[in-house]
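Please examine the protein structure shown below. The report that follows describes selected features of its fold in plain terms.

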Amino acid sequence: MKEFSTIKNKLLAEQIEEQLYRYIIDTPFEIGAKLPNEFELGEKFGVGRSTIREAVKLLISKGVLEVRRGSGTYVISTTPADMDPLGLQGLGDRMSLAMDLVDVRLILEPGIAEMAARNATEKDIEELEHLCSLVEQKMQNGEDYVQEDIAFHTCVAKCSQNKVVEQLIPIIDTAVMVFVNVTHKMLKEETLATHRAVVDAIMDRDPIGARTAMTMHMTYNRNLIRKLWKESRK
């Protein structure tokens, strides 16, 4: 019974960790911001302080939070370490990083989409269409869609059936997270249209169409990032 209770408490803490992370992102809390105390967070999520404490520890282990003795709990990153395999979170200039990443994506992803149109299995295409629809649904409902957006781009890469491309997925995942955080989800309509165009081209086995649609998707991202980057330097 004690073992069962321990497992149950661990699962609850993991659920609250996820909810707390979404709360940090959606509020949003800036880097360096202080979180409400354990009592307030417990009230918000309907759990005890011990569960909040465990959830905070989990986010500390992922490099999202930091406890400062006698001061409180602070946000030190909005990207968990397990979602930043390249270690880019520590680079200070987010706009410059976003520009570098979008340039890498423009090199990689149109070609990956082209390969996907040639090589995707029917099961791959079914999963890709499902993820595209899920992003659309969450955007239209005003819900957070970051994880689904990442999953969509990951699925396109897997559709290529190229083992080397699969190793590049961490770059794509990191890039998607940075874009959404920097642009504050300002490209919703463009994302909806170009995601759907990518899926349609892959379903039609149209490699050039898939490359073109993904290039357009990346171009929208790059234009906005460049605009924000220039504004940040005025």
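## A cis peptide bond in a loop

Pro28 is placed in the loop between helix 1 and helix 2; helices (H or I, at least four residues) and strands (E, at least two) are DSSP runs, numbered from the N terminus. The peptide bond that leads from Thr27 to Pro28 is cis, with omega near -15°. In general, most residues other than glycine have a negative phi, and most peptide bonds are trans.

## Basis of the description

The model is predicted: local features need pLDDT of at least 70, side-chain atom pairs count only at pLDDT 80 or more, and totals for chains, interfaces and linings use all residues. Residues are numbered from 1 along each chain as its sequence is written, and side-chain values use heavy atoms, with hydrogens and water left out.

## Overall architecture

The chain contains ten helices and two strands. Along the sequence, these elements follow the pattern α-α-α-β-β-α-α-α-α-α-α-α.

Of the 234 residues in the chain, 44% are buried; buried means under 20% relative accessible area, exposed over 50%, and partly exposed in between (1.4 Å probe, protein chains only). Among contacts (heavy atoms within 4.5 Å) between residues at least 6 apart in sequence, 72% join residues at least 24 apart.

## Aromatic rings

A pair of aromatic rings is described by the distance of the centres and the angle of the planes. Rings of Phe, Tyr and Trp (its six-membered ring) pair if their centres lie within 6.5 Å; planes under 30 degrees apart count as stacked, over 60 as edge-to-face and the rest as tilted. A search of the whole structure finds two aromatic pairs. In one, Tyr23 and Phe29 are edge-to-face, at 5.3 Å centre to centre with 70° between the planes. In the other, Tyr23 and Phe45 are also edge-to-face, with 5.9 Å between centres and 85° between the planes. This second pair links distant parts of the chain: Tyr23 belongs to helix 1 (residues 2-26) and Phe45 to helix 2 (residues 38-45), 22 residues apart.

Together, Tyr23, Phe29 and Phe45 form one aromatic cluster. Phe29 is buried, because its relative accessible area is 13%, and Phe45 counts as buried because its relative accessibility is 15%.

## Charges over rings

A charge sits over a ring if NZ of Lys or CZ of Arg is within 6 Å of the ring centre and within 35 degrees of the ring normal. The charged end of Lys44 lies over the ring of Phe45, 5.9 Å from its centre. Likewise, the charged end of Arg68 lies over the ring of Tyr74, 4.1 Å from its centre.

## Helix packing

Which helices pack against helix 9? Helix 10 and helix 5 are among them. Axes are lines fitted to C-alpha atoms, for helices over the stretch in contact, and angles run from 0 to 180 degrees between N-to-C directions. Angles under 35 degrees count as roughly parallel, over 145 as roughly antiparallel, 65 to 115 as roughly perpendicular and the rest as oblique. Helix 9 (residues 188-203) and helix 10 (residues 207-232) pack at about 165°, with their axes 8 Å apart, which means that helix 9 is roughly antiparallel to helix 10. The residues that meet include Thr194 and Val198 in helix 9, and Ala213 and His217 in helix 10.

Helix 5 (residues 122-140) and helix 9 also pack at an angle of about 165°, with their axes 10 Å apart; helix 5 is therefore roughly antiparallel to helix 9. The axes of helix 6 (residues 146-159) and helix 9 come within 12 Å and cross at roughly 25°, so helix 6 is roughly parallel to helix 9. Asp149, Phe152, His153 and Val156 in helix 6 meet His195, Val198, Val199 and Ile202 in helix 9.

## Individual residues

Arg22 is found in helix 1 and is buried, with a relative accessible area of 19%. Not counting residues up to four places away in sequence, Arg22 touches Asp144 and Gln147. Ile107, in helix 4 (residues 94-119), is exposed, with a relative accessible area of 68%.

Gln161 has a positive phi of about 60° although it is not a glycine. Gln161 lies in the loop between helix 6 and helix 7 (163-167) and is partly exposed, at 42% relative accessible area.
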